[in-house]
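Thanks for coming, everyone. I'd like to walk you through a model with two chains, so please have a look while I talk.

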Amino acid sequence: MSEQLMRALDRLSRVRGVRGSMYVAAEDGLPVAQLLMENVNGKVLAAFAASLARKVSGAAAATGGGRVRFVQMLSAGGVLLVAGVGGELLVAVVADPGVNVGLARLEMLRAAETTA
Amino acid sequence: MADDIRALSTALARDPSSLRYVDLAEALRRRGQLQEAMQVALHGLGRHPGHADGYDCLARIHSDRAELSEARAAWERVLAILPEHLGALKGIGFLYFRQGDVRRASEALEHALAVDPADEATRRALAAVRGEPAPARRSGPARTRAALQPAPEPAPAASVVTAAPATPAAPAAPVAAAASAAPHAPAVSAASAPSARPPVFGGLEGATTDILLLDARGLVMAGGLSAGDGSDVSELAAAALAGVSGEAERTCEYMALGAWTAIVAEAEHANVVLAPASEGAVLMVRRERSTPVGLALRIADRARGAAVRWLQSVGV
């Protein structure tokens with residue numbers, strides 16, 4: 001299983017601009033598998049990804065939006081992406097501001113399916 | 001409302017041992033006179049230290065004052081007295097939800113639902129806590145409009161107490177039973193209705209149904225969000241997002257990403273955009289799934305501008 005996860009993360013890391021990717025336990029926000037550049041704080045990314053997924057899922061559910069599939073946080077210095085929301089494992093990515101979000105999204109949804 | 005307070009004050013002055021102190025404290029709370037409400041509740045509880053509805057009211061006052069640990073302690077006290085007190089179960093469930101403790105929130109709301117399986121507000125809240133799609137409304141015996149209001153907090157009395165049947169655990173206290181039943185409903189529902197909130201987003205599509213401004217604690221400030229059936233779900237959505245701005249800021253800081261500008265969530269039926277306003281306030285804009293994310297971001301940017309101007313005008 002962990003080889004499968006690492007292969008999926010490896011594919012994600014080939015998307016230009018991706019600085020790091022990881023699988024995160026949705027329940028407790030702990031990293032499960034990760035492939036990160038040296039200066040990327042995986043623990044912070046994992047904790048935030050799980051919390052953000054839970055919060056936006058709650059808000060979307062409350063308003064009749066249904067299940068959340070993909071979340072992106074935009075900031076001046078980069079983007080954080082989360083996929084696989086609703087499952088046991090989330091896929092989280094941190095990337096440069098200019099990353100092709102569409103491509104990263106496709107790879108992330110594919111990576112999320114790996115664990116389904 | 002002022003007349004109500006006068007009448008209740010008179011009644012209480014006439015009979016200081018009356019349990020109507022709960023009604024008076026609740027009326028004061030809903031008027032925003034939290035200090036006075038607190039004094040009345042504490043005074044009443046001094047005379048009736050085992051009165052569950054009194055502690056329930058005290059918990060709501062604490063919750064409104066953002067004193068969450070005190071609110072929790074008061075609701076725990078209620079549940080120690082009456083383990084199936086619907087108001088306390090929903091109140092404490094919502095409190096856990098706001099604090100991000102999904103497991104405990106689910107447990108409390110499941111317990112509340114076991115006490116009153118027909119309570120649609122609890123059912124909806126439980127779905128939101130679990131991040132599940134809102135359940136279809138069940139057909140059944142007619143219930144009060146208030147009971148169908150989904151907003152359990154920050155005025156838990158709105159749904160918590162209004163949805164509660166007269167609790168069988170207050171047999172010797174008809175007044176106390178009244179305190180936990182229908183009279184709370186219309187006033188609180190009206191107070192939390194989108195139309196009663198500041199018209200911050202006038203001119204923008206969905207100003208009171210798809211755009212919401214909430215503060216850092218997850219309390220509604222302006223705008224509104226409606227569910228598919230037209231019911232107002234603003235409080236529930238705001239509670240779900242409590243603290244999101246602070247977490248986003250801290251994460252960006254730890255990861256040297258600069259300031260966050262937007263969060264976009266793509267859900268099955270809607271795109272949801274969050275944007276920082278000021279002092280931890282967050283704007284939430286919901287658009288149909290078919291709306292391109294780029295367009296939703298532009299709309300959110302306009303709404304954010306309106307929110308920031310309004311916050312500045314009120315000195316926040």
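Let me start with a term: I call two residues in contact if their C-beta atoms, placed from the backbone, lie within 7 Å. With that in hand, in chain B, residues 24 or more positions apart account for 52% of the contacts with a separation of 6 or more. For chain A the corresponding share is 50%.

Some housekeeping before we go on. This is a predicted model, in which local features need pLDDT of at least 70 and side-chain atom pairs count only at pLDDT 80 or more, while totals for chains, interfaces and linings use all residues. Residues are numbered from 1 along each chain as its sequence is written, and chains are lettered from A and ligands numbered from 1 in the order in which they are written.

Now the two chains. Chain A has 3 helices and 5 strands, and along its sequence they come in the pattern α-β-β-α-β-β-β-α. Chain B has 14 helices and 5 strands. As for burial, a residue is buried if 20 or more other C-beta atoms lie within 10 Å of its own, exposed if 12 or fewer, and partly exposed in between, again with C-beta atoms placed from the backbone. By that count, 53% of the 116 residues in chain A are buried, and in chain B 52% of 316.

E1(A), residues 18-25, pairs with E2(A) in the antiparallel sense over 5 bridges, and A:Gly20 stands opposite A:Leu36. The two strands make a hairpin with 5 residues between them, and A:Gly29 in the turn has a positive phi of about 70 degrees. Further in, E3(A) and E4(A), residues 78-83, run antiparallel and are joined by 6 bridges; A:Phe70 has A:Ala83 as its bridge partner there.

Where do the chains meet within the sheet? Strand E3 of chain A, residues 68-75, pairs with E3(B) in the antiparallel sense over 7 bridges, with A:Val71 and B:Ala265 as bridge partners. Overall, 42 residues of chain B are in contact with 32 residues of chain A. On the chain B side, E3(B) gives the most, with 8 residues. That side divides into 30 nonpolar, 7 polar and 5 charged residues, where Ala, Val, Leu, Ile, Met, Phe, Trp, Tyr, Cys and Pro count as nonpolar, Asp, Glu, Lys and Arg as charged, and the others, Gly among them, as polar.

B:Ala267 is buried because 26 other C-beta atoms lie within 10 Å. Beyond its neighbours within four places in sequence, B:Ala267 is in contact with residues including A:Gly65, A:Arg67 and B:Val272.

In H13(B), the residues B:Val244, B:Ser245, B:Ala248, B:Thr251 and B:Cys252 are buried. They lie on the same side of H13(B), because they cover an arc of only 130 degrees around the axis, the arc being that of the directions from the helix axis to the C-beta atoms. The buried residues of H13(B) pack against helix H2 (42-62) and E3 of chain A, together with E3, E4 and E5 of chain B.

Key. Helix = DSSP H or I, 4+ residues; strand = E, 2+ residues; numbered from the N terminus. Pairing = 2+ DSSP bridges.
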